[in-house]
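Here is a short tour of a protein model, written for someone who likes to know what sits where. Have the viewer open and follow along.

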Amino acid sequence: MIAPQLSFDELGTPLPEVTFVVVDLETTGGSHERDGITEVGAVKVRGGERLGELGTLVDPGRGVPPNVVALTGITTAMVSRAPRLESVLPSVLEFLSGAVFVAHNAPFDAGFLRSACERHGMVWPRPPVLCTARLARAALTRDELRSVSLGSLSRYFGTRTQPNHRALSDARATVEVLHHLLERIGNLGVQSLEELLALTREASAHRPTQRQRRQRHLAESVPSAPGVYLFRGPREEVLYVGTSGDLRRRVRNYFTAGEKRRRIRDMVALAERVDTVVCAHALEAGVRELRLLAAHKPKYNRRSRNPGRVWWVAATEEAFPRLSVVAAPKEGALGPFPSQKAATAAVDTLLDAVPLRRCTQRIPARSPSGTPCMVSELGRCGAPCAGFQSREEYAPLVGRWRDLVAGRRDHELSSLVSAVDELAARERFEEAAGDRDRLVGLIGALERRQTLAELAAQPEVVGARPDGRGGWELAVIRYGRLAAADVARRGVRPMPVVEAMRASAQTVLPGDGPLAGAPPEEVRLLYRWLTTGGTRLVYCDSWAEPAFGAARWAGWAARAREGTAAGRAALEALVR
């Protein structure tokens, strides 16, 4: 795994799945108790897509003051024939149903609608409320923008709709501002609705500390380019390593009120300098970040607690080999596993399909004289310890294990799936669920090993990915390591750039183990880049994945995971 991540349950509601209703009201004054609403504008959006709009004038039941007429252009004559608020309010509440209420200076707009519900005997639905003014103060420094008024933000972001103190136009402008701010706070690691609301609450109560403000000069020389940044302490030690598509913007965010992580604020207070490594593109930045984390083990990176620590399952080297969980990869080993527990679970599942011995005693090649155990009595071991199984009879079992790991056969996976189905058919659902989950883990480990090992075995692979601007991001990969990276921008012929990269790329010699000595995290990052995002292979000798590999069972594993998630959700609903 590239980095430890929270589960979806822990993350909360992903922002692309959240429905926002952006509201703007025009009123006769600033008091929701004494003044009335003259116009309502609302826009519903989700995942960047506009789902609907609502806009209407409202008769406030009183005259519109001259200063308000001058500001909004809404006159008493215009609203005198408009519907009254009690007939408009149900439509507004229905439009808000199930959504997050968003407004610029949200307490003002929410306060007017809440008071209106109280006066007219309707229930205010108490939706989550997001204020774009507070969000802007969390996402932007005062050096960038001193005022967070809607007009200032619209000009700063260059929105297509400019606010004009009419409800629907202002709501449309706020939608564009909201989307720009959500892009900004993505750099702060905010990915869910819960994190977003927490950020705005904290921004309203906090400001950057004096130490944070004094440290802002550290970002002055940081370039606006993709790459890696390193915060260094008073003894030149690396405190923190990160990566970004825009180094300057990301580093500046550490000195704003939006940064609420206590350990990061402590890190910023200690920092004396920010070094940067400008990279050709995000892939190079990601690889350099991994290497820097492994080299420096910075104390403020959570990923530095056990950098690169993975586990493998390998056959021991003895007359009657058994499966052992090891930290150092051996040739033909299965892995990598993120934890020793996951590796041990895989061993237990494997031994249900391949009856290698489970005991840890060392069995002599000749004349073994041990006593058969209960596992043998259950028919799950041939008892070589007691001489009931010769080396010649035992060897094919080791061959089956090696063929399964290498992707030359998958009969064992088929039998394990059938066993799960049989348990379910006999209504032993709890036992079936446990075996299913362990089998899903084993399939994932086998697929991971087989795909990564095939890439790590390649002397050279050259990939080209569209950069979204008419150019190409290029990478030379040798034995599972990034050997060179560059870009061919729009209008530049890519092949001369590729040939120059190949000629100057780092020489990589293959090492030992399933991944030819390459770090698993780096191989996985490179594999993902090569197989997603429209990447094309420019050069490759003979990269192929095994025909009988675990990838054939990926669909079954995905359906099993979906079933697990659905069952967990149903149980949680029952408990609630």
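Is Glu522 buried or exposed? Glu522 has 3% relative accessibility and so counts as buried (buried means under 20% relative accessible area, exposed over 50%, partly exposed in between, with a 1.4 Å probe and protein chains only).

## About the model

This is a predicted model, in which local features need pLDDT of at least 70 and side-chain atom pairs count only at pLDDT 80 or more, while totals for chains, interfaces and linings use all residues. Residues are numbered from 1 along each chain as its sequence is written, and side-chain values use heavy atoms, with hydrogens and water left out.

## Salt bridges

The structure holds 25 salt bridges (a side-chain nitrogen of Lys or Arg within 4 Å of a carboxyl oxygen of Asp or Glu). In one of them, Glu522 meets Arg291, with 2.7 Å from N to O. Arg291 belongs to helix α13 (residues 282-296) and Glu522 to helix α20 (residues 520-531), so this pair ties together parts that are 231 residues apart in sequence. Helices (H or I, at least four residues) and strands (E, at least two) are DSSP runs, numbered from the N terminus.

Glu460 and Arg478 form another salt bridge, their closest N and O atoms 2.7 Å apart. Glu460 sits in the loop between α18 (429-456) and β12 (461-466), and Arg478 in strand β13 (residues 472-478), so the pair links parts that are 18 residues apart in sequence. Both Glu460 and Arg478 are buried.

## Nonpolar cores

A nonpolar core is a set of buried Ala, Val, Leu, Ile, Met, Phe, Trp, Tyr and Cys residues joined through side-chain atoms within 4.5 Å. The largest one has 58 residues, and Phe20, Leu113, Ile185 and Leu196 have the most contacts inside it. Apart from it lies another core of 40 residues, including Val347, Ala445, Leu446 and Trp556.

What does Leu113 touch, not counting residues up to four places away in sequence? Its partners are Val23, Leu25, Ile37, Leu89, Val92, Phe101 and Trp124, where contact means heavy atoms within 4.5 Å.

## One face of a helix

Helix α12 (residues 262-270) has Ile264, Arg265, Met267 and Val268 buried. Viewed down the axis of α12, the buried residues fall within an arc of 155°, so they line one face of the helix. The arc is that of the directions from the helix axis to the C-beta atoms.
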